[in-house]
Amino acid sequence: MKDNTLKKLFTYSIILLMFTSALCNSTQGTLLTRYIDFYALESASQGLMSSAQSAGNLIALFSIGLLAGKLLKTSILMISAVSVPVIFVLLGFKPAFSVLLVAYMLFGSAFAFQDSLASALMVDLNPEKSRLYMNLLHGVFGLGGLIGPIFFTSLMKEGLEWSGVLVLAACISSVSCAVYILFAGKASKLLPASTMPKKKIDLGDIRRFVSEKRKMILLICAICFGAHQIGISSWINRYVADYIGDVNNGPLSLSMFWVGTAASRFLSSVLRIRDSTKVSLGFLLTSVFILIGVLSRNGTVMVFCCLFAGLAEGPILPLMLDMSCRWERENTSLGSSMLLLAHYCGLLLMPLMIGKLAALADLMTAMLLPAAASLIGAAFSVKLIEYNRQEQ
């Protein structure tokens, strides 16, 4: 097999991993109401699954720094790929709530390894087309987020138990794991030497990273992005189906959000405007659309608002990842890990805030928080336009 062909097949096997991880990730938003009912969850405890997963995300990103120089990115990615189906089989046994939280924390760690290292590998494997492949990688993730709620909800309507959904997700993820393993060993030789840094990422690297103003602004934007995205993807189905009472438009709103996200990531490279401008406009428009949808208290309006919000926010994360990796060209793992570390901090905090505010006020008031996070991201991201102009 020619090297170029092998490199492409390996790239697509990594993208397939992200797709099936997105399917698995979508089970949480799809099954949130069933989790709440089965485990009798109240107040902030309703957001504990998301927060446990985000805690796992953070653990993994710190671990990447320690593993650098000891294991290849491809090997760490393989370990995380194998662990996902095992975790979802465990979830399918309806474990005690404490075990469920640990399982989601482990999934969060596995997913964070995949998210960070897959993003870094897109730059390593395709340095001249990094933006294209970064958008493709995260566009496919959005596609998985789109298909998951519709697919799993339709199966439950046909009589499949929520625990069966989790076992099915395990089976699907095992297929992508096998495909990745098939190509990983052969393709590792095609990666540049920077794929395995000579030393671990230490506090000095982190201090150097955050000492640059442009990178600090990027991290703040990443926190805001994580906060608004988890607020929408984990809670919008429950808001529409339970609070508004529109059962049919609940999963549809979530799916339309991922339709827009996937479509905009695939089409982002067609728009001939600066990356930083796309990021700033994306934050602003997402805030506006979510605000309109929440205040409307109408499921149909929310479906369209989620679609437009997804279209607006879709390119934000891959473009910020590409910026961070390009600004750390000699150590793309540092660039992707720092950006995703901030992103996962947002993922960790927002579910707890929504759960608590929903208990103190109501769910409609709590759903204004993702819109607020996106608006803050828009304010900070304006400065990125200046840095992007200096690059070009």
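How many of the 32 residues of helix 8 are buried? The count is 24, which leaves helix 8 mostly covered. Buried here means under 20% relative accessible area, while exposed means over 50% and partly exposed lies in between (1.4 Å probe, protein chains only). Helices (H or I, at least four residues) are DSSP runs, numbered from the N terminus.

Before the views, a word on the model. This is a predicted model, in which local features need pLDDT of at least 70 and side-chain atom pairs count only at pLDDT 80 or more, while totals for chains, interfaces and linings use all residues. Residues are numbered from 1 along each chain as its sequence is written, and side-chain values use heavy atoms, with hydrogens and water left out.

**View 1. Helix 8 has a bend at Trp235.** Helix 8 covers residues 213-244, and at Trp235 it bends by about 50 degrees. The bend at a residue is the angle between two fitted axes, one for the seven residues ending there and one for the seven starting there.

**View 2. Helix 8 packs with helix 9.** Two packed helices are described by the angle between their axes and the distance between the axes. For helix 8 and helix 9 (residues 249-267), the angle is about 150 degrees and the axes are 6 Å apart. The axes are lines fitted to C-alpha atoms, for helices over the stretch in contact, and angles run from 0 to 180 degrees between N-to-C directions. Helix 8 and helix 9 are therefore roughly antiparallel. On the cut-offs used, angles under 35 degrees count as roughly parallel, over 145 as roughly antiparallel, 65 to 115 as roughly perpendicular and the rest as oblique. Look for Phe225, Gln229, Ile232, Ser233, Ile236, Asn237, Val240 and Ala241 on the helix 8 side, and for Asn249, Gly250, Pro251, Ser253, Leu254, Phe257, Trp258 and Arg265 on the helix 9 side. Contact means heavy atoms within 4.5 Å. Sorted by class, the contact of helix 8 with helix 9 has nine nonpolar, six polar and one charged residues. Ala, Val, Leu, Ile, Met, Phe, Trp, Tyr, Cys and Pro count as nonpolar, Asp, Glu, Lys and Arg as charged, and the others, Gly among them, as polar.

**View 3. Helix 8 also meets helix 10.** The axes of helix 8 and helix 10 (residues 275-296) come within 12 Å, crossing at roughly 25 degrees. That makes the two helices roughly parallel. Their crossing is left-handed, a term for a near helix turned anticlockwise from the far one by less than a right angle (right-handed if clockwise). From helix 8 come Cys221, Cys224, Phe225, His228, Ile232 and Tyr239, and they meet Phe283, Thr286, Ile290 and Val294 of helix 10. By class, this contact of helix 8 with helix 10 has eight nonpolar, two polar and no charged residues.

**View 4. Tyr239 sits in helix 8.** Is Tyr239 buried or exposed? With 0% relative accessibility, Tyr239 counts as buried. Setting aside neighbours within four places in sequence, Tyr239 is in contact with Ile244, Val294, Arg297, Met302, Leu363, Met364 and Met367. One of these partners, Arg297, is found in the loop between helix 10 and helix 11 (299-313). Arg297 is partly exposed, at 48% relative accessible area, and has a positive phi near 55 degrees even though this residue is not a glycine.

**View 5. Helix 3 crosses helix 4.** Here the axes of helix 3 (residues 73-91) and helix 4 (residues 97-125) come within 9 Å and cross at roughly 150 degrees. That makes helix 3 roughly antiparallel to helix 4. The crossing of this pair is left-handed. In their contact there are 19 nonpolar, four polar and two charged residues.

View 6. Phe10 lies in helix 1 (residues 3-39) and is buried, with a relative accessible area of 0%. In the loop between helix 1 and helix 2 (48-67) you'll find Ala40, which is exposed at 61% relative accessible area. Ala40 isn't a glycine, yet its phi is positive, about 50 degrees. Gln53 belongs to helix 2 and is buried, with a relative accessible area of 8%. Not counting residues up to four places away in sequence, Gln53 touches Asn25, Gln28, Tyr104, Met105, Phe107 and Gly108.
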